[in-house]
Every structure is written in structure tokens, then in C-alpha cells.
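The following report describes the fold and local geometry of a two-chain model. The structure is shown first.

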Amino acid sequence: MEHLKELISRFSCAYVEDYKKIWIKAKLNSKDDLLDVAKALQTEGLRSLSTVSPTDFAEDGIMEINYFFEDLDTKRNLWLKVDLPRDEAVCEIESLTPLFASANWHEREAYSMFGVRFLHHPDLRDIIKSEDFRDKYPFRVDFDWDAHEKETVANVQQIVDAFKKEQSENEVDLESDSSETILNWGPTHPASGPIRLRVHCDGEEIISIDPDIGYVWRALEHLVTKKDFIGAIVAVERLCFMDNINSMVGYAMAVEEIAGVTITPFASWMRVLLGETARISSHFMGMGVFFNNMGLHTLAMWNMDTREFFLDFLESYSGARIATAAIEPGGVRYGLDMRMFDELQKALDKFDANIDEVEAIFVKNPTMRMRAAEVGRLSADEIHMFGLSGIVARASGVKTDIRIDEPYAAYDKLDLEYITQERGSARDRFVMIFEELKSSVAIIKKAKQHIEEAVANGEMNPTKDHMVKVPKKLPKGEAISRVEWARGEVLMHLVTQEKAKSPYRLKMRAPSFNHTMMLDYLLRGQTLSDIPLIFGSLYVCQGDLDR
Amino acid sequence: MSELFFNAFVFPGLLYVLIWTVGLFWFFRKFMAALHKRVGPSFNGKAGSYQTLFDLSKLLTKESITPDGVNPYLFSIMPLLAVIVAMLPSAFIPWMDSFVVIKSDYGLLALVVLIGIEPFLLFLTGFGSHNKYSFLGGIRILTQAISMETAFVLAALSPAILFSTLNLSAIVEQSSWFSFLVLFPGFILYFIALLGLLEQPPFNIPDAEQEIVFGFYTEYSGTNYFLLQVAMFAEFMAVFAGAVTLFLGAYKGIFFDSYLFFFLKMLSIALVMMTIRAATPRITLSQMLNFSWKYMVPLALLNIAWIFFAKSLWFMGA
């Protein structure tokens, strides 16, 4: 850590300071130093760039860019800031994509939403936002949403025209006597979900893939700025419906840090319990989708059967099965009626009764092994290079798990170990989900037992301890928080202004964004049959892909 | 004349195929639901038994959309042809003792040829759809048909060689428990090739919905899609009936001979097929090609050698 700090101090910085346990926060005085800093960091071992997040300070005329560098091995992280002029004509900075492959789409997103131009970026096109936002930068604070939305008909026409134009021109460059073609794999494809892959293929063989994302873009990062700090959880949990609890935990942690609030032990244990329940509900879907994409629906049906029982528990606790809104800044939203644990026990019993069957029939399935054990392989180096996280990273043997690296809620009180696979193939990622499912159930059992004992001893009061008061107005400040989401690392970067009633800026870095970026890399030279398989194994959710 | 009419439109013709389609479809759904831990159709009729009837009649009355830029004749005539060709083999099948619509000494040949034509018709549906996914599906079905049919024909030949006849009725008459054992390897090969020909998992490559939407079916809707579904189930019947006739002794039963046994034998083949469907993911096109040419065809040839050997040992006197 000290060495890293010293390394940064060599450049001209406004400040270099420790932040949390494993972060260093620094601000560069000049954007010209950025490339040199990045090169130095890369040699130092910080090989992943988690995300690029601009914050638009309109009153000061400044566009502040935040870079989050991570080293997945030694867990040293750097939060680097640099100021740019806000004026669109001069709002530009050197691209880090040539050095950090993971920066590619994140820089494109910053360009699309804030109009920051990245010089020497290999492919600086719009991403996520629809065609009617061309040359408009919707996340700039002075963007007039009302004026834009008045022109609904014209906007839709613009989208339609652009699509038709693309479809009429996309094959013009191909040779007329070749068997090359461009397939639209989605957005209404049986296995795609709301995403479109432009698959350039020669017969069955894939030449390249260009994902077109943004079909479920809800501008969540903008929506939260229109709500108060509690109302914002509704937007945050819609990052992806499959694991909504953990994204709310991340947001709540950031707010609590700015407000200077510490939550009760009961609330932190409940966050573990609910978070793992949501993780299980997501992993069940993930495993099902993997086999669905190979044309076998049995596992998805069996998993749904068990998953219902876990959703029953969420329903008994929060009143909702999917969009629970159960985590709030300051703790968890509701007190706990101990009878709710009966529902949870039913789910755990159901899980224990079925899991061996699933392992014997599906995890050890020889046909699945034949298809998936060799395709989509990612080495540990590629994980670092592309900033991948979660089950995808661990399937390649990279020991990264934010629950262990930077423990939050009550995870530091649990003895967790890294679960990894070695080969990094599509099959390993599936096995990884399965193994993590089992470990999540073990965590739930421990958390449940702990809460039950503490309530019996009188250490916790389940009806009163769930919430600590968080002031409605927050001071000026900023915080980052990371959680291990079902799909990987979610990083929230929250900025507030003086006496803020709502977030000024909330950047949500979601893992599917990086994982979708890998499609082209993994699928070149493969056949059409591998698209759904690899797509399913990367465990992508379009909700957090588009946000 | 009236007998011919009965044969064409009632048994084993149109009505029989329609009832088979509705019944088997319902049975597939119910059986699959049980394997999936679901309920399956349950509202209409006893255990949802009317559901497929309603579904198919709904399909029949829905608008049949013909996309822009296709040849409407090719597009619409292919499903009809597919149904007819798929129904024809049942004319050569000895459904009951001394009941064959077309008595022929070359019944096996007719069966194999008529089953073999079907994939080419489906290829033409894909070719005529003016859709990239349909075209890919068409190419795939052709590739699969060519590689699976070799093993299929070789496996179907084994009873003909054993009994020295291509007449299906004669094959059934001569079959016994012992010949069933001799033909058992051939039956296994026939069954695997059958999965390939009928596009069933793990060989459901031509209409792999997660890869190429629905293959050659993609553009079809309404009546045309209904016809393609009937063609698919008629094809099931033809291939199952072929297996039962060639290897399992057709209508021969335990205490008495009846069509009932024929039906039960077909149903048990369907059951095994569905169970495989519920437990096996799809393989890729190249894996299918590998499997077919590296394992299936050589094994089928070995099987022929085994049949010659068995024949010279035990069947020469007959």
C-alpha cells in the first residue's frame, strides 16, 4: 500500500490519502499525467480498471472523471480523480483503452452520457442510449429531459429510421458471392433477452460480434437524482430483478458512509440473510438459463420449483417476492417476526432434499461436459485485463470475492473461503454457480442460527433494532461502496451536495457490462451453436447491463 | 372403391393421423410436465385432454402470414406436401395381421425412401422462407439428414438381410423372440438414427430455438404451421411404426395378436424418446457429424456383418 502511495505521490497531485482499508484516493492536478500514471499502475500490478465515472459539476464548470483501478490479487485499489473543463468542445482526455481493455465500453458510456471525448479510443461510438439522443448528453445536469420527452413521436421516428437505415446498409460491404451474412441475434430472439448481437458470420462460423445494448435503458443513474435518499432504493433495486437485495445494500452503505451512521448488528446480519436469499434466487435462474440455452428446460423448471420457497420467505418478510425494497439506508426496512423463519426453514429443507439430484443429473451431465468444457475459456490474465468479477473471475481461478476482500454487513464475522474453479471454461462457470449456491445456503443457515441465538439471549431485539435513523438531509460528500452481487462486483459511487435531499450523482458499476464486452472476444471463430452457450455461461442480466 | 376411401381418409389415413397427432401431442405434454415437476395442461377436459385439440384447431383458424419476398406457392405448398409424404409410409405398414393397404414385396424400400424424402421437403420450406434463420435451419436439416440416413438405412436393412425379404409382412411373420435378440444391436442403431431423423434431443439441431430461432419453422404461422406440426407427428408415426415392424414384431402380442400391441410398442418408443429429451442437452452440428460418420456408420456396417454371421449360423435352414 505504502509503495503504491509513494508511486502516486511522484506525480503532481492535489492530494493522496488513504480511504477505507484497501483504497487510496488521489487527485491529479493535470490530465496530461494520466497516461503515465496508468502505465505506472499497470507495472505495479493494478491491472483492472473497474469503471470510469464522470461527475458533472456544472456550477464550477468542471467535469470530474473518476477512475477506479483494482488489483484483484493483492487487493490494493486506487481511486483516481482528474478534472476536465466542462465545455463540450474541450471536454476531452486520453483514452485508457489501449492500456486497460476493460475501459473500452466504460469510456464509450461516459462519452454517450456526458460527452467526454476520449482521444485515441479505438471505437468511440454511442452505447446504451437510443438513437434519439444522438449528439445529446442526457446525464449532464443541464440536459432538459422535459423538452426531449415532449417530442415523443419524432423521437420514435428517429429510432425507426436509424434502424431501417442500418438494416439496409449493414450487408453492403460484404462480398456478393460469399456466404457471409449479418444476423440480428435479438432483441426478440428466444435466448437473447433484450439485447441485440450483430453477428457477422460465414455460414455457421462467426467472424465477429458487435453487441447492441440499451433496449432496457431506464436511465436509473439519472432517476435516483430525482428522488430522495429513501425513494432512490426503488431505482437502485431495479438494477436487476434477480438479485435486488445486494444492490440496495451497496447503495445504503454509501449513504450511511456520508451520513456517518453505523447500523445495528441485527440489521447487518439481516443484510447477510436477505442478500444470500436473493443471491440464491438469482443463481437458480442462472443455472436454469445455462441449460435452457442448450435446449434442456428441465433444470430451469426444477430450480423454479425450489426457488419459489425462497421467494416465499422474501414475501413473508417484505410483502413482495421480487421487488422487495427491503433494504434502506440505516438498516433493513422491517422488523422481523421470528415466525418468518419457518418459511425460510421450509425453503432450506426443500433445497437440501433436491440438490443431490440436480448435481447427479445436470452438474455431472456428460453431454454438457462434451459441449461446454472446452469453449469460452478465459485465463486468469484475461480476467485481470478485462476487469471481470464474480463467478466468471472465480471460475478461472482468480481469488476475488468482495465479501472476503472488503467485508461489509456481517460478512467479516463469517468464516468465508474463496471458492474457485481452475479451467475457466463455460462449464466451470456453471459449476461455479452451483458451488456458490451451496455455499450461500450454508451462509444462510449460519446467519439464521446466529440471529435466533442472539434473539434468544436478548442481545438483539428483532422488532426494534432493524433501523437507525438517517437524517433526511445529508452533508456534502462522496463515497464509494462495493458489494459482491450475484453476478460480480457492483461499485456505487455516490456524490452529494450541501444539505442534499437527493443524490447528486450515483454511478452504478455493474458486472454484466464487462461480461457482455467479452462476447466478441470469446466467440470469434466459434460457431453459431456456441453463442447461446457462452452467453448463458457469462451470466449476463440485461437489467444491469443497460441500467 | 369404398375400401380405398376408408383407407385414405380413416384408417390408416387422415383421421387416424389426426387423432394420433392430437393424442400424442397431449401425451407428450403431460409426460414432459411430470418430468419437469409441472402440472401440464389441466383445465379443458379430463386431465387437460382437450387442450391440444383446442390448440391445434386454434392454429388452423389463425391467419397464415406469408412474408414479403417469398414465392407464395413454394412457401404454402411445401407444408401440404410434407404432410402427404409423411402419411404415405403408413400404407405399407402391416398394422394388423394381414392388414396392409398396399401389398408390396418392396415395402421396406418404400418405407425407407418415403422417410428419407421428408427432410428435403423441410429443407425447401427453409429455402423458400426468405429468412436467414430459416435458411440456416434448412442447411442444417439437410446436413443432418444425409449423415443420419446412412446409418438409418443400414440399420433398417438388418432384418431384411436376416429374413432375405423386403416384404414387411413377411418380416413380421418370421420374427421371433430369438430374432429380436439377434437384431437388438440393429434396433439400438435404428433408434439413435431415429432421434437424428426426427430432430429430437440431443440431435434437435435444425430447429434449435436458442441458436437459430426455430430453424425452417421460423416464418410459418397459422394453417401452414399446423400442417407442419401434423407432418412432424405423422413422421413420428412412420418412423416408430417402422421400428416396431422391423424389430419388435409389429402386432404380435403375448397371448393374442392385436393392433393394441402395435400401439403400445410405438408408445414405449415415444416414452424413451421423451425421457431422453428431458435429460439431454443439444449437441453441436460438428459433434453430430463426428458422431454419425465416426461411430454410427462404422457400427452399422459392423452390425450388418454380425447379421450375416448370425444368419449363416442359425437362420440358413429356414
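## Helix 18 of chain A

Just after helix 18 of chain A, A:Tyr539 adopts a positive phi of about 65°. Helices (DSSP runs of H or I, at least four residues) and strands (runs of E, at least two) are numbered from the N terminus. Helix 18, residues 530-537, is mostly covered, with eight of its eight residues buried. A residue is buried if 20 or more other C-beta atoms lie within 10 Å of its own, exposed if 12 or fewer, and partly exposed in between, the C-beta atoms being placed from the backbone. Among the buried residues of helix 18 of chain A are A:Ile531, A:Leu533, A:Ile534 and A:Phe535.

## Basis of the model

This is a predicted model, in which local features need pLDDT of at least 70 and side-chain atom pairs count only at pLDDT 80 or more, while totals for chains, interfaces and linings use all residues. Residues are numbered from 1 along each chain as its sequence is written, and chains are lettered from A and ligands numbered from 1 in the order in which they are written.

## Overall architecture of chain A

The secondary structure of chain A comprises 19 helices and 15 strands. Its radius of gyration is 23 Å, close to the 24 Å that the globule rule gives for 547 residues, so chain A is as compact as a globular protein of that length. The radius is taken over C-alpha atoms, and the rule is 2.2 Å times the number of residues to the power 0.38. Along the principal axes, the C-alpha atoms of chain A fill a box of roughly 70 × 60 × 50 Å. Buried residues make up 50% of the 547 residues in chain A.

An automatic or database domain assignment divides chain A into domain 1 (2-125), domain 2 (129-169) and domain 3 (220-330 + 340-546). The C-alpha centres of domain 2 and domain 3 of chain A lie 33 Å apart.

## Helix 11 of chain B

Helix 11 of chain B (residues 259-277) has 19 residues and reaches 27 Å from its first C-alpha to its last, close to the 27 Å expected at 1.5 Å a residue; the expected span is 1.5 Å times one less than the number of residues. B:Phe262, B:Lys265, B:Met266, B:Ile269 and B:Arg277 are buried in this helix. Seen down the axis of helix 11 of chain B, the buried residues fall within an arc of 130°, so they line one face of the helix; the arc is that of the directions from the helix axis to the C-beta atoms.

These buried residues of helix 11 pack against helix 10 (222-247) of chain B. The face turned away from the buried side carries the exposed residues B:Leu260 and B:Leu264.

## Contact between the chains

23 residues of chain B are in contact with 27 residues of chain A, a contact being two residues whose C-beta atoms, placed from the backbone, lie within 7 Å. On the chain B side, helix 9 (209-212) and helix 12 (285-315) are the elements that give two or more residues. Helix 9 of chain B supplies the largest share, four residues.

## Backbone features in loops

Most residues other than glycine have a negative phi, and most peptide bonds are trans. A:Lys20, in the loop between strand 1 (13-19) and strand 2 (23-28) of chain A, has a positive phi near 50°. The peptide bond from B:Pro201 to B:Pro202 is cis, with omega near 5°, and B:Pro202 lies in the loop between helix 8 (177-197) and helix 9 of chain B.
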